[in-house]
Amino acid sequence: MFSSGILIEAAELPQAELYQKRMELYKKTEMSTGVPWFYIAAVDQYEQSIRHVRKDLPKPDGLVGIYIKPEYWAGIANPYIEDSNPLSISFFNGKGLDGNGDGKAERKNEEDLLYTAGKYLAKYGTDDTRIRIALWNYYKRDQAVIAIMTNAKVYRKMNRIDLQEKVFPLPKGYNYSYNNTWGDRRGWGGRRIHEGTDIFAGYGVPVRSVAYGVVELKGWNKFGGWRIGVRDLNNTYHYYAHLNGFAKDLKIGDVVKPGDIIGSVGSSGYGPPGTAGKFPPHLHFGMYKDNGINEWSFDPYPHLKAWERSQSKK
Ligand SMILES: [Zn+2]
C-alpha cells in the first residue's frame, strides 16, 4: 500500500525531499481538519524529538514523528490491540481515524496519524489559546505545551520546516578560547557542577543564537547574571549566561534564527543585579534536553567543536 511504501522510503530520502513530503502531508491535514499546518507540524516535530531520547518509545522510522499508543488508538477495552477497523475502534472508544479514505484507520499510516492528531486539536479550536488547552489535556505537562508552541511559532514565522541549521555562538573574526569544562566543580554558590562550556572572549563580543528557536527566558539570576534561554525545534534549551547586555528590542517570545545577535560577552553574575567583574569575561553556554518527562543538561562541547569547524570552512 501507499503508506508502507513511504515508510520504507523515508530513511533513504534526501533531507530536502523528506521536508517537502512532510510539508505536503501537513498541508493536506490542514485541508482535512481545518487546523493550521504549523500546529500539526509542531506536534509532529515534538513527538519526533522525544522519541530520539526515550527508551520506552520506538525510534521514529517514518516520515511522520507522531506516536500514538495502541490502546489509545484502538480503545483500551478493544481485544484487538492493532485494530484498524474504524467502526470497532470507535465502538471501543479508540481515537484512531481514517485520514486517507481507504476505509482503514492504521496506527502507522502517516495520513491516518496526522488526521487523528488534527481532529483531536480541532475539537478544541484552531487558535493558540485553544491549541494550548488541547495539548495540556493530552500531555498533562506544561513543558510539552511550551515545546510544541515553540515549534509552531517558529514554523509559522519562517513558513517552512527545514530549519535545522546551527552556528557557533560567536561570530568569525573575534578571538576566543574554550576548553571542555563540563562537569567541573564550581567556585561559587555551593555544591553545583558546571553545566556548560565557558567561552572566554573580550567584553562586548557579539553572542548569537546557535539555532532557530524562541526566546524563553531573559533577565537576571545571581548565578548566571544577565542571561538568555532559547528553546529550539528539537526541544533543546540553550542557555547563554554572564552577558554584558542584551540585543536591543529582543523580547521573551521572539523567534530567533541561527546567527541572530542576542547579546554580548560580559562578566555579569555572582551577586545582586548588575554585579560584574568577579571573573574574566566569558560566555557560559549550556544545553538542556527534554524528553517529555524530565530535563537534563548535557555537554555542549562536542557541538561547539562541530559548529566551529563548519564556521571556519565558510
Ligand atoms: Zn560557565
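**Entry 1: where the domains touch.** I looked up the contacts between the two domains and found 15 residues of domain 1 in contact with twelve residues of domain 2 (contact means C-beta atoms, placed from the backbone, within 7 Å). This is a predicted model, where local features need pLDDT of at least 70, side-chain atom pairs count only at pLDDT 80 or more, and totals for chains, interfaces and linings use all residues. I number residues from 1 along each chain as its sequence is written.

Domain 1 covers 2-158 and domain 2 covers 176-313, with bounds from an automatic or database domain assignment. I get 33 Å between their C-alpha centres.

On the domain 1 side, α3 (37-51) and α8 (142-158) are the elements that give two or more residues; α8 gives the most, with nine. Helices here are DSSP runs (H or I, at least four residues), numbered from the N terminus.

**Entry 2: α3 itself.** I checked burial next: 14 of the 15 residues of α3 are buried, so this helix is largely enclosed by the rest of the structure. Buried means 20 or more other C-beta atoms, placed from the backbone, within 10 Å of the residue's own.

**Entry 3: α3 against α6.** Which helix did I check against α3? I took α6 (residues 110-124), whose axis comes within 10 Å of the α3 axis and crosses at roughly 115 degrees (axes are lines fitted to C-alpha atoms over the stretch in contact, with angles from 0 to 180 degrees between N-to-C directions). From α3, Tyr39, Ile40 and Val43 make the contact, with Leu114, Ala117, Gly118 and Leu121 from α6.

Methods:
Buried ≥ 20, exposed ≤ 12 C-beta atoms within 10 Å, placed from the backbone.
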